[in-house]
Amino acid sequence: QVQLVESGGGLVQPGGSLILSCAASGNILRIHHMSWYRQAPGKQREMVARISNGGYTYYEDGMAGRFTISTDNAKNTTFLLMNSLNFDDTAVYYCNAMVTTLENIRDFWGQGTQVTVSS
């Protein structure tokens, strides 16, 4: 199995910044890509950003410019730098990874970390 553990969430004022981290561990042969999703109250989960093993990045509309995804492949860790946060960014942020294990290839999810933007 593979475990994804997020950290870095919390309470931040509008205009502030946060850095989320997600560390993957377990029976990992290869991580193909890692992504961040978020789910606001009463809304569906949406993708925020994705980074491939080769470092290619993708951002959902409206995320690029304020959010930056990066990775430390040696540590199987991805980061999400979030700047200029506003009330609409309040959500539970989830880490996702597409992983080849000894058994198969599938995606895994973290437990989520709460980000609250409030004055």
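**Values and their cut-offs**

Reader: Why is Asn76 called partly exposed?

Author: Asn76 has a relative accessibility of 25%. Buried means under 20% relative accessible area, exposed means over 50%, and partly exposed is in between (1.4 Å probe, protein chains only). Asn76, at 25%, therefore counts as partly exposed. This is a predicted model, in which local features need pLDDT of at least 70 and side-chain atom pairs count only at pLDDT 80 or more, while totals for chains, interfaces and linings use all residues. Residues are numbered from 1 along each chain as its sequence is written, and side-chain values use heavy atoms, leaving out hydrogens and water.

Reader: How do you know whether Thr77 is buried or exposed?

Author: Thr77 has a relative accessible area of 10%, so it is buried. Thr77 lies in strand β8, residues 77-82. With neighbours within four places in sequence set aside, Thr77 is in contact (heavy atoms within 4.5 Å) with Cys22, Ala23, Met34, Ser70, Thr71 and Asp72.

Reader: What makes Cys22 and Cys95 a disulfide?

Author: A disulfide is a pair of cysteine sulfur atoms within 2.5 Å, and the S to S distance of Cys22 and Cys95 is 2.0 Å. The whole structure holds one disulfide. Cys22 sits in strand β3 (residues 18-26) and Cys95 in strand β9 (residues 91-100), so the pair ties together parts that are 73 residues apart in sequence. Both Cys22 and Cys95 are buried.

Reader: Why is this disulfide called left-handed?

Author: The torsion about the S-S bond of Cys22 and Cys95 is about -80 degrees, so the disulfide is left-handed.

Reader: What makes Glu46 and Arg38 a salt bridge?

Author: A salt bridge is a side-chain nitrogen of Lys or Arg within 4 Å of a carboxyl oxygen of Asp or Glu. The N to O distance for Glu46 and Arg38 is 2.7 Å, so the pair meets that cut-off. Glu46 is partly exposed at 34% relative accessibility, whereas Arg38 is buried at 8%. In general, side chains of opposite charge can pair when their charged atoms come close.

Reader: How many salt bridges does the structure hold, and which residues are linked in a network?

Author: The structure holds three salt bridges, and Arg38, Glu46, Arg66 and Asp89 are linked in a network of them. Asp89 and Arg38 meet at 2.9 Å, N to O. That pair links distant parts of the chain, with Asp89 in the loop between β8 and β9 and Arg38 in strand β4 (residues 30-39), 51 residues apart. Asp89 also pairs with Arg66, whose closest N and O atoms are 2.8 Å apart. Arg66 lies in the loop between β6 (57-59) and β7 (67-72) and Asp89 in the loop between β8 and β9, so this pair ties together parts that are 23 residues apart in sequence. Asp89 is buried, with a relative accessible area of 1%.

Reader: How do you know that the charged end of Arg45 sits over the ring of Tyr94?

Author: A charge sits over a ring if NZ of Lys or CZ of Arg is within 6 Å of the ring centre and within 35 degrees of the ring normal. The charged end of Arg45 is 3.8 Å from the centre of the Tyr94 ring. Arg45 also lies over the face of Trp109, at 4.7 Å from the ring centre.

Reader: Which residues touch the most other members of the largest nonpolar core?

Author: A nonpolar core is a set of buried Ala, Val, Leu, Ile, Met, Phe, Trp, Tyr and Cys residues joined through side-chain atoms within 4.5 Å. The largest has 30 residues, of which Leu4, Met34, Trp36, Leu80, Met82 and Tyr93 touch the most other members. Among the elements giving two or more residues to this core are β1 (2-7), β5 (46-52) and β11 (113-117), while β9 gives the most, with five residues. Beyond its neighbours within four places in sequence, Leu4 is in contact with residues including Cys22, Met34, Cys95, Phe108 and Trp109.

Methods
Helix = DSSP H or I, 4+ residues; strand = E, 2+ residues; numbered from the N terminus.
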